[in-house]
Every structure is written in C-alpha cells, then in structure tokens.
Amino acid sequence: LELQMHPKFEAQAKINEGIVTLNDELGIPTIVTSDSHFLNPEDANVRNIIEAIGYHKNIEDVYQSMESNSLGSPDRIKLWAEQSGFEHEDILKKSFKNTIDITNKCNAQLEEPQVRIPEFNRYEELDALFDEDWWC
C-alpha cells in the first residue's frame, strides 16, 4: 500500500489514514513514495514550460514549485509527513524500510536517452498534417 505525503492536499491525509486502517486490518505492507516530475531542481522551469505547452495555458497557470515536484528524498518526505500531521511514526519507519527493500530487489537496465522523431518520407504526408487555414 502506498503512502504519499502532500501537506497541501487534505484529501491525501484522509487517504493515508485509510491506508493505515487497511494495513492494520489486512497486514498489507506499506511503502512511502513521492510524486516526482523531474530529477533536478533546476529542471523545474523546463517542466513548467512543457506543462504549459501541453495544456495550452500560460506558464503562470501551470506553475508548480520545485519543492512539490522534484525528486523526493527521505528528509523531504519526513518533513511533509510532519506538515501533514501524519501521526504514525512507526508505520512511516516500516514504510521506509519496505520501500528500500523493494528498491534493493530492482535491477533495471535503462537505455541511453534518445531523440525519437518520426520520419516523413514524402512532403505530402507532412502537408496533410496542416490545414491551410492554420497558417493564416
């Protein structure tokens, strides 16, 4: 069962309490995760630009801080847990251990990042993608 710490979202605190109840009743182990959208804090602005383009919005409308989206760390999750009022320190400690146990069992081999752009062999295929009114 996944615990997430989001002090700004009251619903998450209620969900976490439900997860604690399921843990108690069913004995299903819990883990702790952090919602991450990019690896390095300096990538926050690029992520916000991509989000704005994807949703056809102004960057101000999609802005999210580095704190809420960068790669999680145990210190950050602990801080969020404290800010969320999560009162189950024993479950949090077990959840961290369970999370570490899972990561130690993983052996993912990732490929080097590659740019993947579709090939267009004929200009007609490319022209067909655009309506002439689009240019006006």
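Which residues make a nonpolar surface patch of about 310 Å²? Leu 1, Leu 22, Leu 26 and Ile 28 do. Patches are built from residues with over 30% relative accessible area and no salt bridge, where nonpolar side chains (Val, Leu, Ile, Met, Phe, Trp, Tyr) are joined within 5 Å and like charges within 9 Å. The areas come from the Shrake-Rupley method with a 1.4 Å probe, and for residues only the protein chains shown count as cover.

Before going on, a word about the model: it is predicted, so local features need pLDDT of at least 70 and side-chain atom pairs count only at pLDDT 80 or more, while totals for chains, interfaces and linings use all residues. Residues are numbered from 1 along each chain as its sequence is written, and side-chain values use heavy atoms, with hydrogens and water left out.

**From the surface to the core**

Helices here are DSSP runs (H or I, at least four residues), numbered from the N terminus. With a relative accessible area of 55%, Leu 26 is exposed; the term means over 50%, whereas buried means under 20% and partly exposed lies in between.

Now look inside. The largest nonpolar core has nine residues: Leu 3, Met 5, Ile 19, Val 20, Val 32, Ala 81, Phe 86, Ile 91 and Leu 92. Helix 1 and helix 6 (89-105) are the elements that give two or more residues to this core. Such a core is a set of buried Ala, Val, Leu, Ile, Met, Phe, Trp, Tyr and Cys residues joined through side-chain atoms within 4.5 Å.

Apart from its neighbours within four places in sequence, Ile 19 is in contact (heavy atoms within 4.5 Å) with Leu 1, Glu 2, Leu 3 and Thr 30.

**Charged pairs**

Side chains of opposite charge can pair when their charged atoms come close. The whole structure holds three salt bridges, each a side-chain nitrogen of Lys or Arg within 4 Å of a carboxyl oxygen of Asp or Glu.

| Salt bridge | N to O distance |
|---|---|
| Arg 47 and Glu 51 | 3.5 Å |
| Lys 93 and Glu 89 | 3.4 Å |
| Asp 101 and Lys 97 | 2.9 Å |

Arg 47 and Glu 51 lie four residues apart in helix 2 (residues 44-55), about one turn of the helix. Arg 47 is buried, at a relative accessible area of 11%.

In helix 6, Lys 93 and Glu 89 are also four residues apart, and both are exposed. Because Asp 101 and Lys 97 are four residues apart in helix 6, about one helical turn separates them. Asp 101 counts as partly exposed, at 30% relative accessibility.

Conventions
Buried < 20%, exposed > 50% of the residue type's maximum accessible area, 1.4 Å probe, protein only.
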